[in-house]
Amino acid sequence: MTDLTDESLLKTLCNGEIKSLGILYERYKGILHNYFLRVTGDQEASNDLLMATFERIYKYRHSYESRKKVRPWIFQIASNLIKDHYKKSNRWVSINTSHYKNEAMNTEVSIDIAAKHKKLHKALHQLKPSQRNIISMYYLLGMSYQDISLSENISVNNARIKTCRALKKLKEILKDSDL
Amino acid sequence: MKDEQSDKAIMDYLDGISKEISNQKAFQHAGELKQLLSELQELPLGKVHPTTDAKVYEFIENLETTMNTESKSRLKLDPKILYLTIAASIALLFYVFMDNNGFEDQYRLLQSNPERLGFIYDLNNEQLASEDIKWLKAELKKETHPNIKVTIVDLLNNYPSKIDNDFLNALQKEPIPSVQMAFLDALENSVNPDFSNELVVFSQRKDLDNTVRLKVAHILSIQSKQ
């Protein structure tokens, strides 16, 4: 069963094969967890959002259109959850940089690299949540502009421009922090 | 409008649609953004907490149970027999717990994967004896659940001197990338350094996930420096 494509797994899930959800979870948990972590900066919220994603996948499994790809459909669910999260919490969580401290303690990773990662992480968290979300969808999830546009309810061209502006803003923040 | 055109040109460059931008300043800017993107892609990835894994698997198991209950007709038991069975089970559990205090015995009593996973995870707070490690290694060979395997490997990673060829053999048979990564983390920490030849052979496997391949290359580069 682990050899099945995502599309076949979702089809079997719709037919009552619950194990398919576990296989999908194994395939997507890493990337989704990191997406949530990058956008929210909150470990606990990321865990909850990951759990909620798979609850929604199950709940809305019949709304998946079989001729479409599963990957963007799952990412769409994840990005909708992020939006709901901000609507509900209406707050910005302080960044948790403990991961980078641990990284710096690892002798295999130089202190310079860990510091660079920490700086980039901090800069990411100075962006607006919507900008951080669009950047994460682009570089981490590898979503197409078509999928980003659907997720953000904007035109494809606008999705490209927003991605570019968010990247430019991040670059500016990093530049200012160098001064 | 000019800004929009410049953004479009930059994104064309970043997406590989165009290789150059006529405006030198925009070209330089695009180069910097490309560098920034590759730095973002290099940011380390965090691992999912085992309790989240356990919650999701519990959710899945509950769904399976509900499905099974719905699809099968319900078995009607005489309440007296039901209460007697519950009482007998509790007495039996109490007896077994009183009799067996080792981790292995306690583990055998656990019914569901989330319980097993949580149990193994909590062993990180214990000082394990040689016989416990021997048991965990045997359990690792039998286990089929990827998250439990990862949790066992992560636990054994606390005892680098116990990481041996068994891990390498298990890695070579393992098809799931997240479990392969756990084995590689353990081998990286191992005090038995010479796994290089086997790792080179492993890295040539065609079905290997790219992240796993990069991890093998990383370990080999460290070993070559040593």
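**Entry 1: burial and make-up of chain A**

I started with how much of chain A is buried: 37% of its 179 residues are. This is a predicted model, so I am reading computed geometry throughout. I then looked up the secondary structure and found nine helices and zero strands in chain A. Along the sequence the pattern reads α-α-α-α-α-α-α-α-α. I also checked how far apart in sequence the contacting residues lie. Of the contacts in chain A with a separation of 6 or more, 61% join residues 24 or more positions apart.

**Entry 2: helix α1 of chain A**

Which residues of α1(A) are buried? In this helix, residues 6–14, I found A:Leu9, A:Leu10 and A:Leu13. They span an arc of only 95° around the axis, so they sit on the same side of α1(A).

Past the end of the helix I came to A:Gly16, which follows α1(A) and has a positive phi, near 100°.

**Entry 3: α1 against α2 in chain A**

Next I followed α1(A) to its contact with α2(A). Their axes cross at roughly 150° and come within 8 Å. The angle is over 145 degrees, the cut-off for this class, and α1(A) is therefore roughly antiparallel to α2(A). The crossing of α1(A) past α2(A) is left-handed.

I listed who meets whom. From α1(A) come A:Asp6, A:Leu9, A:Thr12 and A:Leu13, and from α2(A) come A:Ser20, A:Leu21, A:Ile23 and A:Leu24. Sorted by class, this contact of α1(A) with α2(A) has five nonpolar, two polar and one charged residues. A:Leu9 and A:Leu13 had already turned up among the buried residues of α1(A).

I also stopped at A:Lys19, which belongs to helix α2 of chain A. Is A:Lys19 buried or partly exposed? A:Lys19 counts as partly exposed, because it has 15 other C-beta atoms within 10 Å.

**Entry 4: α2 against α7 in chain A**

α2(A) has another partner to note, helix α7 (residues 129–139) of chain A. The two pack at an angle of about 150°, with their axes 9 Å apart. That makes α2(A) roughly antiparallel to α7(A). What is the handedness of the crossing of α2(A) and α7(A)? I found a right-handed crossing.

The residues I wrote down for α2(A) are A:Tyr35, A:Arg38 and A:Val39, and those for α7(A) are A:Pro129, A:Arg132, A:Asn133 and A:Ser136. By class, the contact of α2(A) with α7(A) comes to three nonpolar, two polar and two charged residues.

**Entry 5: a loop residue in chain A**

I went to the loop between α8 (145–152) and α9 of chain A, where A:Asn153 lies. Phi of A:Asn153 is near 60°, a positive value in a residue other than glycine. A:Asn153 has 7 other C-beta atoms within 10 Å, so I logged it as exposed.

**Entry 6: where chain A touches chain B**

How many residues does each chain bring to the contact? Chain A brings 33 residues and chain B brings 31. On the side of chain A, α2 (19–40), α3 (43–59), α5 (98–105), α6 (111–124) and α9 (156–178) each supply at least two residues. I sorted that side of chain A by class and got 14 nonpolar, 10 polar and nine charged.

**Entry 7: chain B**

Buried residues account for 25% of its 226 residues. Of the contacts in chain B with a separation of 6 or more, 59% join residues 24 or more positions apart.

What does α6(B) pack against? I took helix α8 (residues 146–156) of chain B: α6(B), residues 113–122, packs with it at an angle of about 10°, with the axes 9 Å apart. The two helices are therefore roughly parallel to each other. In α6(B), B:Asn113, B:Arg116, B:Leu117, B:Ile120 and B:Tyr121 meet B:Asn147, B:Ile148, B:Thr151, B:Ile152 and B:Leu155 in α8(B). I counted out the classes for this contact of α6(B) with α8(B): six nonpolar, three polar and one charged.

Technical notes. Residues are numbered from 1 along each chain as its sequence is written. Chains are lettered from A and ligands numbered from 1 in the order in which they are written. This is a predicted model: local features need pLDDT of at least 70, side-chain atom pairs count only at pLDDT 80 or more; totals for chains, interfaces and linings use all residues. Axes are lines fitted to C-alpha atoms, for helices over the stretch in contact, and angles run from 0 to 180 degrees between N-to-C directions. Helices (H or I, at least four residues) and strands (E, at least two) are DSSP runs, numbered from the N terminus. Angles under 35 degrees count as roughly parallel, over 145 as roughly antiparallel, 65 to 115 as roughly perpendicular and the rest as oblique. Two residues are in contact if their C-beta atoms, placed from the backbone, lie within 7 Å. Ala, Val, Leu, Ile, Met, Phe, Trp, Tyr, Cys and Pro count as nonpolar, Asp, Glu, Lys and Arg as charged, and the others, Gly among them, as polar. A residue is buried if 20 or more other C-beta atoms lie within 10 Å of its own, exposed if 12 or fewer, and partly exposed in between; C-beta atoms are placed from the backbone. The arc is that of the directions from the helix axis to the C-beta atoms. A crossing is left-handed if the near helix is turned anticlockwise from the far one by less than a right angle, and right-handed if clockwise.
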